[in-house]
Amino acid sequence: MKIDGVPYRSVWIDAEDGWSVRIFDQTRLPWALEILRLTDCAQAAHAIRSMQVRGAPLIGAVAAYGLCLALRADPTADAMERDAAMLAATRPTAINLRWALDRMLLRLRPTQSADRIAAAYAEAAAIADEDAAQCEAMGRYGLELIRGIADTKPGRRVDLLTHCNAGWLATVDWGTALAPIYMAHDAGIDLHVWVDETRPRNQGAALTAWELGRHGVPHTVIADNAGGHFMQHGMVDMAIVGTDRVTRTGDVANKIGTYLKALAARDCGVPFWVACPSTTIDWTVADGLHDIPIEERSPAEVTDLTGRTADGAIATIRVAAMGSPAANPAFDVTPGRLVTGLITERGRCAATAEGLLGLFPERR
Ligand code: MRU
């Protein structure tokens, strides 16, 4: 995607040295666009843990490059296994992280130490390229849905609602849930996006709004609690979100608050779609509610808020009563029965075991 006309991906290899890893520091957005240079595995792990990079597909790609950096320091098989385990432990819910590291290990275990680093960079690059291609494909399948809605209301804009950030910042390029929105906008469809602020970390208000703004997509940031109201009043034609893990039965783990949006959408008859690359499907899990680990993050993300003051300084303030404890589950699980359908790189399907197997018959 482009920032002020310059094309970027969310992770790339430094063009000058050919080995260090470049990312945007997403903890600084939307106030500052800062590019970080990662030179060792510990920095890559820190970037994922601290959410300098976040979003399921992107943390998978950064972990893959993190393993490349680890192998530069020590290419032996023992060190590789240790460093991969350390990277895998950085965040628990998004399955892409484990998927990417498993794929790296599968490719690298049979190699000799001398060949391992080059093979690792090639595999990480393939993971990144494939993610960009999958997102582009999901964009095309989602665009058909948006075009279908536009055809039913000529002369009136299509209103979409999204939660968290499932745009290009959350992937290598394009995004998952935002890819169809970018394509529809580029195709000239008159659309507008309701952007859930997505407390507690505000990925919607900070990242999705920033991305959409840079691309010129009309949007409005809303409090998380407002989505149901807009749906009840016929002001949302379709909700579309990303996901961190989908079970083989179609249950969807995504940013906390997604479940409530799906409930409201069902009550109001609003289609609720989930953009899900195959790298986000966990074929080993059937029961999303009980078998997907939900990351518990710091209570400070709930009790405090960080933002820009009128004089341009970045400041953190406390919004909760002093002394009150806070709980902070970072994800929730939306049962497949509340999901209208999944958009994958192979097409759309029902959020059911049969639906997924129809698109991925090799998993039967
Ligand atoms: O905690 P985050 O910001 O990593 O959570 C991200 C989300 O929940 C996204 O919606 C999800 O990863 C899908 S992104 C393509």
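**Backbone geometry, sheets and ligand surroundings**

Pro 30 lies in the loop between β4 (21–24) and β5 (35–38); helices (H or I, at least four residues) and strands (E, at least two) are DSSP runs, numbered from the N terminus. The model is a predicted one, in which local features need pLDDT of at least 70 and side-chain atom pairs count only at pLDDT 80 or more, while totals for chains, interfaces and linings use all residues. Residues are numbered from 1 along each chain as its sequence is written, and side-chain values use heavy atoms, with hydrogens and water left out.

The peptide bond that joins Leu 29 to Pro 30 is cis, with an omega of about 10°. A cis peptide bond with omega of about 10° also joins Arg 199 and Pro 200, and Pro 200 is found in the loop between β7 (191–196) and α7 (203–215). Met 51, which is not a glycine, has a positive phi of about 70° and is placed in the loop between α1 (41–49) and α2 (56–73). Most residues other than glycine have a negative phi, and most peptide bonds are trans.

Seven strands form an open sheet of mixed pairing in the order β8-β7-β6-β9-β12-β17-β18, two strands being paired if DSSP finds at least two bridges between them. Helix α6 (residues 178–186) lies across β6 (158–162), β7 and β9 (238–241), running at about 155° to β7, whereas α7 lies across β6, β7 and β8 and runs at about 160° to β7; contact here means heavy atoms within 4.5 Å.

A further open sheet has four strands in the order β13-β10-β11-β16, again with mixed pairing. Here β13 (281–282) and β16 (331–334) stand at the edges with a single partner strand each, so one side of each has no neighbour in the sheet. Strands β10 (residues 245–247) and β11 (residues 252–255) run antiparallel and are joined by two bridges, with Val 246 opposite Val 252 in β11. Helix α9 (residues 258–268) lies across β11 and β16, at about 30° to β16.

Helices α3 (residues 77–88) and α4 (residues 95–108) pack at an angle of about 170°, their axes being 9 Å apart. That angle makes α3 roughly antiparallel to α4, a term used for angles over 145 degrees. The contact is made by Met 80, Glu 81, Ala 84, Leu 87 and Ala 88 of α3 and by Leu 97, Leu 101, Leu 105 and Leu 108 of α4.

The ligand is surrounded by 19 residues, of which Arg 54, Arg 91, Asp 244, Asn 254 and Lys 255 are the closest; a residue is near a molecule if one of its heavy atoms lies within 4 Å of it. Oxygen atoms of the ligand lie 2.9 Å from a polar side-chain atom of Arg 54, 3.0 Å from a polar backbone atom of Ala 56 and 2.8 Å from a polar side-chain atom of Asn 254, a polar contact with the ligand being a pair of N or O atoms within 3.5 Å. The protein covers 100% of the 410 Å² of accessible area that the ligand has on its own, as computed by the Shrake-Rupley method with a 1.4 Å probe.

Conventions
Axes are lines fitted to C-alpha atoms, for helices over the stretch in contact, and angles run from 0 to 180 degrees between N-to-C directions. A polar contact is a pair of N or O atoms within 3.5 Å; within protein, one must be able to donate a hydrogen and the other to accept it, and residues adjacent in sequence count only if both atoms are side-chain atoms. Angles under 35 degrees count as roughly parallel, over 145 as roughly antiparallel, 65 to 115 as roughly perpendicular and the rest as oblique.
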